[in-house]
Amino acid sequence: MSIRQITIIGTGLIGGSLALALKKRRFAGRIIGCDRAPVLERARNKAAIDRGHTNPADAVRGSQIVVLATPVSGIIDLIERLGPALPPKTLLTDVGSTKAEVLDRAKTVFRKNTGSRFLAGHPMAGKEQSGVEFADPDLFQRAAWFVTPIPGQQIYDGLSGEYLEWVEKIGARIASMDANEHDQLCAWISHLPQMISTALAASLVDEYGEDAPLLEAGGRALREMTRISGSPYSMWRDIALTNKTNIRHALLKLEQHLAHIRENLDTRELAAEFERAHQLRKAGLAKKKQLD
């Protein structure tokens, strides 16, 4: 076993869940956490980490893998701060929700050695709650775990290959793609749904006030559509800043469809929009049937 110690910087929901998942799948090495002291105490109480440090430089000492599990701006900053000081045989990786700016910073720091020193990753998993209190060892079951290698990077060789074996052991499905392609895709499948949920919940508060029993009266559809509106702004601020162009494009396309629906509530165009929307569900069911 080459990986004897893993440091996770940011022991919140994702970092804490990764630590718990590794332990559940019998990772025999040590897991070191790095965060604020109260967060580390909660992570220890939950048995997510073996030891904790508040200083990243202390936390990475002796680790073969360092996972950056902070918001995206923190990841970019930590690549700059930690990258030059890490031993050449230590692999730095991340779980950030956007990848182009993260990978650009890694290439600036590691230059020609980026392919052997850094692995850009993003698990498509989460909850509307934040914090290690909500960490779950099964959070990554059947979740896509995107990696966005640079051209020519052999992600299944050496330490990165061993790390990705553990990613699969904790239940995730690895998908590799270009960083820009990743950010365009995630703008549609992750970032736009968050903005829709946020806008809907904010609109309901404006219309009815925050104490109205809307969720109970609206039933499951409203609860599902507003559930992720409780996600923390601290995380989504960084996503919006680092994927602004793609999110704006997705929002514009959605606005166009909403305007079209608004102007055609009494025409056959409304039926056409429903029929177009049903194509997505039908395609998903057909694919599921093929896989089964």
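This is a predicted model: local features need pLDDT of at least 70, side-chain atom pairs count only at pLDDT 80 or more; totals for chains, interfaces and linings use all residues.
## Strands and their pairing

Two strands are said to pair if DSSP finds at least two bridges between them.

Strand β4 (residues 65–68) is joined to two partners. Strand β1 (residues 5–9) pairs with β4 in the parallel sense, over 4 bridges. Within this pairing, T7 stands opposite V66 in β4. Strand β5 (residues 91–94) also pairs with β4 in the parallel sense, again over 4 bridges, and the bridge partner of V66 in β5 is L92.

## Strand β8 and its neighbours

With β7, the pairing is antiparallel and extends over 3 bridges; here V147 of β8 is the bridge partner of G121. With strand β9 (residues 173–176), β8 runs parallel, and 4 bridges join the two. In β9, I174 is the bridge partner of W145.

## Strands covered on both faces

In a regular strand the side chains alternate between the two faces of the sheet. What covers the faces can thus be judged by asking which residues are buried, that is, under 20% relative accessible area.

Both faces of β4 are covered: I65 and V67 are buried on one side, and V66 and L68 are buried on the other.

## Aromatic pairs and a charge over a ring

A pair of aromatic rings is described by the distance of the centres and the angle of the planes. The structure holds 2 aromatic pairs. One of them is formed by F27 and W166, whose rings are 5.4 Å apart from centre to centre, with 90 degrees between the planes, an edge-to-face arrangement. F27 belongs to the loop between α1 and β2 (30–34), whereas W166 belongs to helix α7, so this pair ties together parts that are 139 residues apart in sequence. Both F27 and W166 are buried.

The rings of F140 and W145 also have their centres 5.4 Å apart, but their planes stand at 55 degrees, so this pair is tilted. F140 is buried, with a relative accessible area of 0%, and W145 is buried at 1% relative accessibility. W166 has a further contact: the charged end of K169 sits over the ring of W166, 4.1 Å from its centre.

## The enclosed cavity

Rolling a probe the size of a water molecule over the atoms shows where empty space is left. How many cavities of 30 Å³ or more does the count give? The count comes to 1 cavity, and about 30 Å³ of space lies in the largest cavity.

The lining of this cavity consists of I6, L18, L22, Y163, W166, V167 and I170. By class, these are 7 nonpolar residues, with no polar and no charged ones. Helices α1 (13–24) and α7 (158–169) each supply at least two residues, and α7 gives the most, with 3 residues.

## The two largest pockets

The largest pocket holds about 1100 Å³ of space. It is lined by 46 residues, and those nearest its centre are L13, I14, A125, K127 and M235. Two or more lining residues come from each of α1, α2 (37–45), β7 (121–123), α8 (179–208) and α10 (233–242). Which element gives the most to this lining? It is α8, with 5 residues. The lining comprises 21 nonpolar, 18 polar and 7 charged residues.

The second largest pocket has a volume of about 810 Å³. Of its 15 lining residues, I196, L254, E273, A277 and L280 are the closest to its centre. The elements giving two or more residues are α8, α11 (244–263) and α12 (268–291), and α12 gives the most, with 7 residues. This lining divides into 10 nonpolar, 2 polar and 3 charged residues.

Conventions
Residues are numbered from 1 along each chain as its sequence is written. Side-chain values use heavy atoms; hydrogens and water are left out. On a 1 Å grid over the protein atoms alone, a cavity is a set of points where a 1.4 Å probe fits but cannot get out, and a pocket is an open set with protein on both sides within 12 Å along at least five of seven lines; lining residues have an atom within 4 Å of a point. Grid points are joined across faces, edges and corners, and a volume is the space filled by probe spheres set on the points. Ala, Val, Leu, Ile, Met, Phe, Trp, Tyr, Cys and Pro count as nonpolar, Asp, Glu, Lys and Arg as charged, and the others, Gly among them, as polar. Rings of Phe, Tyr and Trp (its six-membered ring) pair if their centres lie within 6.5 Å; planes under 30 degrees apart count as stacked, over 60 as edge-to-face and the rest as tilted. Buried means under 20% relative accessible area, exposed over 50%, partly exposed in between (1.4 Å probe, protein chains only). A charge sits over a ring if NZ of Lys or CZ of Arg is within 6 Å of the ring centre and within 35 degrees of the ring normal.
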